[in-house]
Amino acid sequence: MNGSAFAKASAGQAGLSLCLVLAGTLAGPLGLRAINGALPGAAVRDSYLPSVETPRPREPFDQEAAQAVREVQPQFVVIGDSMAGIRIDPLQLSRLTRTRVIGLYQQGSPVAYWYLAFKNLVVNNDLKSVRGAIFFFRDDQLTTQVQVAPGSLDRVALDREPELDRLLATERLGVFSGVHRAARVAYQFDRTRLWLEPLINTAPAGSPELLQAINTEVFALDKLRKFEAADLAAATDAALDLPASVARSLLPEIIRLAAQANIRTAFVRVQRRPTSDGPPLQSAALKKYADDLKTYLIGHGAYYYDDWGDPDEPLSLYADGDHLTADGRVRYTQRFAEKHAQFFQ
Amino acid sequence: MIFHSLDFIAFFLVTLAAYWALPLRAQNVLLVVASYVFYGWVHPWWPVLLFATTFVDYWSARRMNERPDQRKAWLWISIVSNLGLLGFYKYFGFFADNIAAAGAALGWHVPDVTLRVLLPAGISFYTFQSMSYTIDVYRGHAPARTRFIDIAAFVSFFPHLVAGPIMRATNLLPQVERPRQFSAAAARDATVLIVWGFFKKLVIADNVGVIANKVFALESPEFFVLWAGVFAFAIQIYADFSAYTDIARGVAKWYGFDLIRNFDHPYLATGPVEFWRRWNISLSTWFRDYVYIPLGGSRRGPWRNAANIMITFLVSGFWHGASWNYVIWGAYHGLLLVIARSVPRSAKREGGLLRTARVLTMFVFTCIGWLIFRETELNQLWRDLRLSPVASSALGRDAGLYLFLLAGLYSLPLWIHDLWVEFGDPSLVTAVDAEEAEVHWRRVAMQAVMCGLMMASILTLRSQTTLDFIYFSF
């Protein structure tokens, strides 16, 4: 073999070795599919968010809840997380306003949950007499980036949720959402992650109780340095840009759905825990954001109320955090019915 | 633009395809354009500074060549402009704050002149690299170049622009100037380096970084929690920084360039001298060649040598950031080095146990250094250094052990890799810088399997919280 023939053969071999490494890199993660296939557990179903989730075991849509709502045929629906649940007693509000009110509450739920609950349990649930939907939220919750933990929306999601999927794909993955989707479908890594990541993070703790204690006691919020808390506030303030964030949120879709179904909407911003001296402080950025949100919502025909600084909500009404006591809930519901009687007309 | 984004991967593939279709001169033009796009992706004004640095140093070196009698003046112009730029963006606020604080202590009112400008990423790296060119020309180690585009490509070469390794003109410029040929073997090893870099960054550094960030956000962490956080940070900074340089080296290899190794398993060092031969090698050697040796090095007796070491490390600490904790960190390492150099060591090779003990001891000293490095609040640092394990609660002990084990678990591949390369067969897992005479198929098979495993791990275990590369902020 002469020199150039040897070099050619070497280059060919080197090229083949490069292809092997590239193939290994791209094909290796396909092994995740085999691992997933061998996993015990519930049957895998296509996700209602195919752009951001691969097929996984999922809870079915809660038909019983939908049926229960249909049986009540509510006139007003209160939607939100524990902030709503701890403030509004639907039965009391029904009595006070002489209307049928139900609460669709889910503790710690994201806006995506409220959107799906409103869409699937109210707007598209064959209800004849719904007149209004009342959303309770904190600060910039309505327009913050849509966060969805796997499984958290299962009970209120249908088999396909194209609007939410589109929004998540655009917001999270940008112009490369197609690449992400293809990788998710090919490798099914989300499903592996669902069990592998918790396994790694909990195994060194030995017991879930210890992990819970570490999270709630060692790293409790009140153990943070003050400047860390200030940094968090500053970081949040930097994101408080309503015009920029509203387009990336589910708020326009909620308003559109409500208008289409001829349902009035009310948005109530709850007050964070006040101090003994009065209402809690809020930054100038947050105040401006709240003003902009009010203008936006009223401009889109919604009813808006801001609890911030309401003298009827002193510290004595609060239990832990931003939650009210049981008595506080009764009083809040009563005052709510009085203050917003016009909305229930 | 950051490496761990699809933007970068698309940018890399498009640029690479165009690059190998072009002749040398056009390749260099493309590299400069691509590098400026890369650098200005988020902040379009940053390339202006890069261009200014490049132009001043290119012009200074040419003038040194044309007017040898003015060589010193042009060298000073280069040094003052580079350090001036660095000082303005990086240290202005620090000096202004300290002058204001000193004034206040004396009862004087010093007006607030804090600058509200963002520190351009990588400015500490490219100013040092660019400055080394004019210094080398001044010293006669490198000729002044006439083609501006070559100097621009040398200074701005995007794979290592933001966080090194800092390349010398004598090493990188000849690579810029000579014709480059695509090598499939180099591209294969480059791929391994890139995947390993992404794995270290996304799976190891970012996951343990979350632990470190949580611990350093606490007002009063207990002893075991604090030191578990320091351990996590030690892993984070090594995995993060070495990941960047691995990706940089891998990307550069695809373009036909060889960047120097910046890390050589630093946590297996047996002492401070060895540690600095293994940690951030390009910066350590830069300070050795352009600060320590010009100060006189070890040639003027032990006391002067100790002073030179301390000065070099103080400057190195200050290079890392405009904050007193970095200066203290530099002083701490300088002191360790001075002490280590004053202790005579046996020339005999150490046995396994003694060596292990030395490695562990040095790792503990390194971790103390990382506490100083990470803790920017001096009051807090003083509190942390005085913490006693005896005062720790049972929950504090359990939490510390949990965090330590978690950080250890995520970093296990890094430890195995380093031990393997140090004591096993490095050829299986490291890149080969020289052209191979023949392909070693066993090695290739190992590389393919490892890349597949690392890719699967990246997809399933990458941290939900993506952190910036730590050295971006320097």
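## Confidence

The model is predicted. It scores ipTM 0.82 and pTM 0.80. Chain B has a mean pLDDT of 88, and 93% of its residues reach 70 or more. Helix 4 (residues 71-105) of chain B has the lowest mean pLDDT among the elements of that chain, at 84. Helix 9 (residues 223-254) of chain B has the highest, at 95.

## Chain A in outline

Chain A holds 15 helices and seven strands. Its C-alpha trace spans about 95 × 50 × 45 Å along the principal axes. Of the 345 residues in chain A, 32% are buried. Among contacts in chain A between residues at least 6 apart, 79% join residues at least 24 apart.

## The sheet of chain A

Five strands of chain A form an open sheet. Their order is 4-3-5-6-7, and the pairing is parallel. Strand 4 (101-105) and strand 7 (303-306) of chain A stand at the edges. Each has a single partner strand, so one side of each is left without a neighbour in the sheet. Neighbouring strands of this sheet are turned by 15° against each other on average, direction ignored.

| Strand pair (chain A) | Bridges | Direction |
|---|---|---|
| Strand 3 (residues 76-80) and strand 4 | Five bridges | Parallel |
| Strand 3 and strand 5 | Four bridges | Parallel |
| Strand 5 and strand 6 | Six bridges | Parallel |

I79(A) has L104(A) as its bridge partner in strand 4 of chain A. I79(A) also stands opposite F135(A) in strand 5 of chain A. Further across the sheet, F137(A) stands opposite R269(A) in strand 6 of chain A.

Is strand 5 of chain A mostly covered or mostly uncovered? Strand 5 of chain A is mostly covered, with six of its six residues buried. In a regular strand the side chains alternate between the two faces of the sheet. In strand 5 of chain A, both faces are covered. G132(A), I134(A) and F136(A) are buried on one side. A133(A), F135(A) and F137(A) are buried on the other.

## Helices around the sheet

Helix 14 (residues 284-299) of chain A lies across strand 6 (264-269) and strand 7 of chain A. This helix runs at about 160° to strand 7 of chain A.

Helix 6 (residues 111-123) of chain A is mostly covered, with 12 of its 13 residues buried. The buried residues include W114(A), F118(A), K119(A) and N120(A). What covers them? Both strands and helices of chain A take part. The strands include strand 3, strand 4 and strand 5 (132-137) of chain A. The helices include helix 3 (63-72), helix 7 (162-173) and helix 13 (251-260) of chain A.

## Where the chains meet

## Chain B and its domains

The domain assignment of chain B gives domain 1 (6-180) and domain 2 (185-270 + 350-473). Their C-alpha centres lie 28 Å apart. The contact between them takes 14 residues from domain 1 of chain B and 16 residues from domain 2 of chain B. On the side of domain 1, helix 1 (6-19) and helix 7 (169-177) of chain B each supply at least two residues. Helix 1 of chain B gives the most, with three residues. This side of domain 1 of chain B divides into nine nonpolar, four polar and one charged.

G93(B) is found in helix 4 of chain B. G93(B) counts as partly exposed because it has 16 C-beta neighbours inside 10 Å.

How values were computed
Residues are numbered from 1 along each chain as its sequence is written. Chains are lettered from A and ligands numbered from 1 in the order in which they are written. This is a predicted model: local features need pLDDT of at least 70, side-chain atom pairs count only at pLDDT 80 or more; totals for chains, interfaces and linings use all residues. Two strands pair if DSSP finds at least two bridges between them. Axes are lines fitted to C-alpha atoms, for helices over the stretch in contact, and angles run from 0 to 180 degrees between N-to-C directions. Two residues are in contact if their C-beta atoms, placed from the backbone, lie within 7 Å. A residue is buried if 20 or more other C-beta atoms lie within 10 Å of its own, exposed if 12 or fewer, and partly exposed in between; C-beta atoms are placed from the backbone. pLDDT is the predictor's confidence in each residue, from 0 to 100. Domain bounds come from an automatic or database domain assignment. Ala, Val, Leu, Ile, Met, Phe, Trp, Tyr, Cys and Pro count as nonpolar, Asp, Glu, Lys and Arg as charged, and the others, Gly among them, as polar.
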